[in-house]
Amino acid sequence: MRAVQVQEYGGPEVLRTVETEVPEPGPGQVSVDVAYTGVNFADLKARGEGYRVPSLPFVPGLEVSGRVRALGEGVSGVEVGQEVAALTAGGAYADVVVTDATTVFPLPSGVDLRTAATLPTVLPTAYALVHAVGRLQPGETVLVQGAAGGIGTAVGQLAKAAGASGVFGVVSGAAKAKYALDHGYDDVFVVPSTTDSVEFVDEVRAATGGRGVDLALDPVGGETFRASLASLAVFGRLASFGNASSAEPWRVGQPELYPTGLSVSGFSILTLAQTAPDALRALTEKAFAAVAEGVVSLPVTAEFPLEEASEAHRLMGGRTSTGKLLLRVA
């Protein structure tokens, strides 16, 4: 079978298509014939700096859609040939992937394989940030970094559906701002680089009459994390769900939180899959239902053949992409 390997860390050019053996599922696992693979920023960090890479060579990829190929011992709930979406710990840039049965999800009625590939990481993450972690209430306001990306696109729609009175986004360019405004955002602030983060704090305060937002969602870290914290209203909440800036891990304590009763939380869908798979399943079922019911949609804005994974990485790494990027495998 084909697989796209990283044999050394570096730019998109290190992604190489190779022929390798078809993996077989072990106990509690499922193998999937891949139709589509979602491209995520975590894949770029894995390729470039070894994020969550156990060893080299390594096949990136965290989410797929396809059909069940084989079942490992003890697996129930899915059948060979059934159409599914799956979250993986890696290995999704390939014709066949093996993953734990707990992260394999039958497709809801009316959801096709192409759409399904956009769901496993983005939709449960967005749903968790709005509901389980962010606990957004009707009438509250929310600020979202990366508003035109996959998670940002979903969050804008979910926040509106949850009754948010103001959904504000931060993006890096005017074209992304227009895209975000079409997907649930009331106002979008253009910040060309993280060094300009302080600018959006002033804009958020102005847009909220000086109050700040009730909930801020940050996948960037570093200065952006600190600026998001500074954008909160009294009793505001900040949820961190990534460190795209590769800055030093954030630290926050009494001096930052006590004066106005702020709180900070974190979320990682990959870690949740390892530590609380039942919670992940419940979360994913709710997120997929929101798609099936038409509450949220995630546009595929670019699609590449598996062999052109490097081009997908170049597009995402150039900070010009919006929505969701896919690799077409089968």
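Predicted model: local features only at pLDDT ≥ 70, side-chain atom pairs only at ≥ 80, totals over all residues.
Local features need pLDDT of at least 70, side-chain atom pairs count only at pLDDT 80 or more, and totals for chains, interfaces and linings use all residues. Residues are numbered from 1 along each chain as its sequence is written, and side-chain values use heavy atoms, with hydrogens and water left out.

**Salt bridges**

The whole structure holds 15 salt bridges. The term means a side-chain nitrogen of Lys or Arg within 4 Å of a carboxyl oxygen of Asp or Glu. Three of these pairs are tabulated here.

| Pair | N to O distance |
|---|---|
| R2 and E307 | 2.6 Å |
| K160 and D186 | 2.9 Å |
| D182 and K178 | 3.6 Å |

R2 and E307 meet through their side chains. They link distant parts of the chain, 305 residues apart. R2 lies in strand β1 (residues 2-6), and E307 sits in the loop between β14 (300-305) and α11 (309-317). Helices (H or I, at least four residues) and strands (E, at least two) are DSSP runs, numbered from the N terminus.

Is R2 buried or exposed? R2 is buried, at 19% relative accessible area. E307 is partly exposed, at 44%. Buried means under 20% relative accessible area, exposed over 50%, and partly exposed in between (1.4 Å probe, protein chains only).

K160 and D186 also join distant parts of the chain, 26 residues apart. K160 belongs to helix α4 (residues 150-161), while D186 is in the loop between α5 (174-181) and β10 (187-190). Both ends are partly exposed: K160 at 34%, D186 at 39%.

D182 reaches 55% relative accessibility. K178 has a relative accessible area of 57%. Elsewhere, salt bridges with shared partners tie R2, D95 and E307 into one network.

**Nonpolar cores**

A nonpolar core is a set of buried Ala, Val, Leu, Ile, Met, Phe, Trp, Tyr and Cys residues joined through side-chain atoms within 4.5 Å. The largest has 56 residues. L123, L136, V142, Y185, L217 and F267 touch the most other members. Helix α3 (residues 122-133) gives the most to this core, with eight residues. In soluble globular proteins, nonpolar side chains tend to be buried together.

Which residues does L136 contact, leaving aside its neighbours within four places in sequence? The partners are V130, T141, V142, A159, A162, A164, L215 and R237. Contact here means heavy atoms within 4.5 Å.

A second, separate core has 33 residues, including V78, V84, A312 and L325.

**Strand β11 and its partners**

Six of the six residues of strand β11 (residues 213-218) are buried, so this strand is largely enclosed by the rest of the structure. Strands β8 (residues 141-145) and β11 run parallel, joined by three bridges. Two strands pair if DSSP finds at least two bridges between them. L143 has A216 in β11 as its bridge partner.

β11 also runs parallel to strand β12 (residues 232-240), with five bridges between them. There, L215 stands opposite R237 in β12. β11, helix α7 (residues 222-230) and β12 make a right-handed β-α-β unit. Right-handed means that, with the strands pointing away from the viewer, the path from the first strand over the helix to the second runs clockwise.

**A glycine in α11**

G317 is placed in helix α11. G317 is partly exposed, with a relative accessible area of 44%. Its C-alpha atom is separated by 16 Å from that of G50, 267 residues apart along the chain.
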